[in-house]
Amino acid sequence: MRIHTLGPKQTDSYAATIYYIEQYLVNQTVEIQLHTSFEKLITQISKYQNEYIVMPTAFKSSKLGIDWGDFHYRNVNRLKLVTSFIFEISPLILLENRRCNSGVAYTHAALADLMSQVVEPTEIKCTGSKYLAYQKYLENGQYVLTNTKNIYLRKDEIVLKRFKPQMVWVVYQIVKEQL
């Protein structure tokens, strides 16, 4: 059995997939295929028939202009919803780099609205994962909304807000498209 999800191993998607395997697939041999973005996985979905996807219901793509609901219904004839489960994601943290005044904020597309409720950056740049958002922030960001496990708090950074969300995750089997 092969399960596709978002990588790298630092992502909540990877942690949720491990949780799913440990809870529901104890005696099965499972391979996890990590993807650099859900967008890449989605655009190649037809290549993975009879394999599985684990993804959060908070999925949102600024590149494809879709969220989880759009994805679910667009693929209703080629995905079989196997199950769903609750798995708490790593706590979130909103940081400001006081040494940078670029006005640029980084986060995952699913978190852009949450971020804009707390700060008003000049520009919010969305990345494929919260882990990648933090990596980009280190280059030239003034703000980042990411996981606490991704960060190393530096002396010129301040914590603006913390969040501890739960998440609903879905498991799909990719099937041959039905007409």
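Trainee: How many residues does helix 1 have, and what span does it reach from its first C-alpha to its last?
Mentor: This is a predicted model. Helix 1 covers residues 12-24. At 1.5 Å a residue, the expected span is 18 Å, and the helix comes close to that. So the answer is 13 residues and, by the expected span for that number, a reach of 18 Å.

Trainee: Which residues lie nearest the centre of the largest pocket?
Mentor: That pocket has a volume of about 250 Å³. Helix 1 and helix 5 (130-140) each supply at least two residues of its lining. The lining holds 20 residues, and nearest the centre lie Asp12, Pro56, His108, Ala110 and Lys130.

Trainee: How do the lining residues of the second largest pocket divide?
Mentor: This pocket has a volume of about 160 Å³. Its lining has 14 residues, with Ser37, Glu39, Lys63, Thr127 and Gly128 closest to the centre. Helix 2 (38-43), strand 4 (60-61) and strand 9 each supply at least two. The division is three nonpolar, seven polar and four charged.

Trainee: Which strands stand at the edges of the five-stranded open sheet?
Mentor: The strand order is 9-8-10-7-11, with mixed pairing. An edge strand has a single partner, so one side is left without a neighbour in the sheet.

Trainee: What is the bridge partner of Tyr106 in strand 9?
Mentor: Strand 8 (residues 104-108) pairs with strand 9 in the parallel sense, over five bridges. Tyr106 has as its bridge partner Lys125.

How values were computed: Residues are numbered from 1 along each chain as its sequence is written. This is a predicted model: local features need pLDDT of at least 70, side-chain atom pairs count only at pLDDT 80 or more; totals for chains, interfaces and linings use all residues. Side-chain values use heavy atoms; hydrogens and water are left out. Two strands pair if DSSP finds at least two bridges between them. Helices (H or I, at least four residues) and strands (E, at least two) are DSSP runs, numbered from the N terminus. On a 1 Å grid over the protein atoms alone, a cavity is a set of points where a 1.4 Å probe fits but cannot get out, and a pocket is an open set with protein on both sides within 12 Å along at least five of seven lines; lining residues have an atom within 4 Å of a point. Grid points are joined across faces, edges and corners, and a volume is the space filled by probe spheres set on the points. Ala, Val, Leu, Ile, Met, Phe, Trp, Tyr, Cys and Pro count as nonpolar, Asp, Glu, Lys and Arg as charged, and the others, Gly among them, as polar.
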